[in-house]
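Subject: Handing over a structure, with notes

Dear colleague, I am passing on to you the structure shown below, and I would ask you to keep it open while you read the notes that follow.

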Amino acid sequence: MKAVRLQYTGGPREGEDQLKMETLALPTKEELTDDEVLIRVDHCGVCYRDLIDARGRNPLIKTPPMTLGHEMAGVILDAGKNALAHGFSKERRVVSRHNAPCEECFFCKQGQTPRCSNNLEYYYGLTHDGGYATHCVLHFRSLL
């Protein structure tokens, strides 16, 4: 698969590309957890938060290289058993939230799912590779 990957944070450096197109291995069904789906990314929005993240101004961002992008839509190619049990089957068209809310914490119960901090490993483009790629692995709770 192809992905545009952030190589370093902090702004441009003379003679270095901050973003690079890379070829990565396509995740296999065996690599998905029970809660994950593999999508073919058809669209991914460009957001100002991506610029903030690239500048290193978000304390959650993992060490690059990583794939930015948290506003994506596509088609499910494979799904783990929990995702399937929640109706996320192959060939379903989906849109993703920027994170995968736990649905149990104070914020989630108040309808403030963007503030959920229980599933920090699924903040796309920050702690988990995002949608600036041909394919992306997502938690089923992030899907609409």
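The radius of gyration used here is taken over C-alpha atoms, and the globule rule is 2.2 Å times the number of residues to the power 0.38. With 144 residues, a compact globule would by that rule have a radius of gyration near 15 Å, and the chain, with 15 Å, agrees with it. Along its principal axes, the C-alpha trace spans about 50 × 35 × 25 Å.

Before going further, please note that this is a predicted model, in which local features need pLDDT of at least 70 and side-chain atom pairs count only at pLDDT 80 or more, while totals for chains, interfaces and linings use all residues. Residues are numbered from 1 along each chain as its sequence is written, and side-chain values use heavy atoms, with hydrogens and water left out.

The chain holds 3 helices and 7 strands, where helices (H or I, at least four residues) and strands (E, at least two) are DSSP runs numbered from the N terminus. Followed along the sequence, they give the pattern β-β-β-α-β-β-α-β-α-β. Of the 144 residues, 44% are buried, a word that here means under 20% relative accessible area, with exposed meaning over 50% and partly exposed in between (1.4 Å probe, protein chains only). Among contacts (heavy atoms within 4.5 Å) with a separation of 6 or more, 67% join residues 24 or more positions apart.

Next come the pockets. Rolling a probe the size of a water molecule over the atoms shows where empty space is left. On a 1 Å grid over the protein atoms alone, a pocket is an open set of points where a 1.4 Å probe fits, with protein on both sides within 12 Å along at least five of seven lines, and lining residues have an atom within 4 Å of a point. Grid points are joined across faces, edges and corners, and a volume is the space filled by probe spheres set on the points.

The largest pocket holds about 190 Å³ of space, and of the 14 residues lining it, Met1, Pro27, His128, Asp129 and Val137 are the closest to its centre. Strand β7 (residues 135–139) supplies the largest share of that lining, 3 residues. The second largest pocket has about 160 Å³ of space, and its lining includes Gly11, Gln18, Cys47, Arg55 and Tyr132. Helix α1 (residues 48–54) gives the most to this second lining, again with 3 residues.

Some details of the backbone also deserve a careful look. The peptide bond from proline 64 to proline 65 is cis, with omega near 10°, and proline 65 is found in the loop between α1 and β4 (66–67). Glutamate 91, in the loop between α2 (81–85) and β6 (93–95), has a positive phi of about 75° although it is not a glycine, and it is exposed, with a relative accessible area of 69%. Glutamate 103 lies in the loop between β6 and α3 (106–109); its phi is also positive, near 70°, and this residue is partly exposed, at 48%.

Threonine 113 is buried, with a relative accessible area of 18%.

With best wishes
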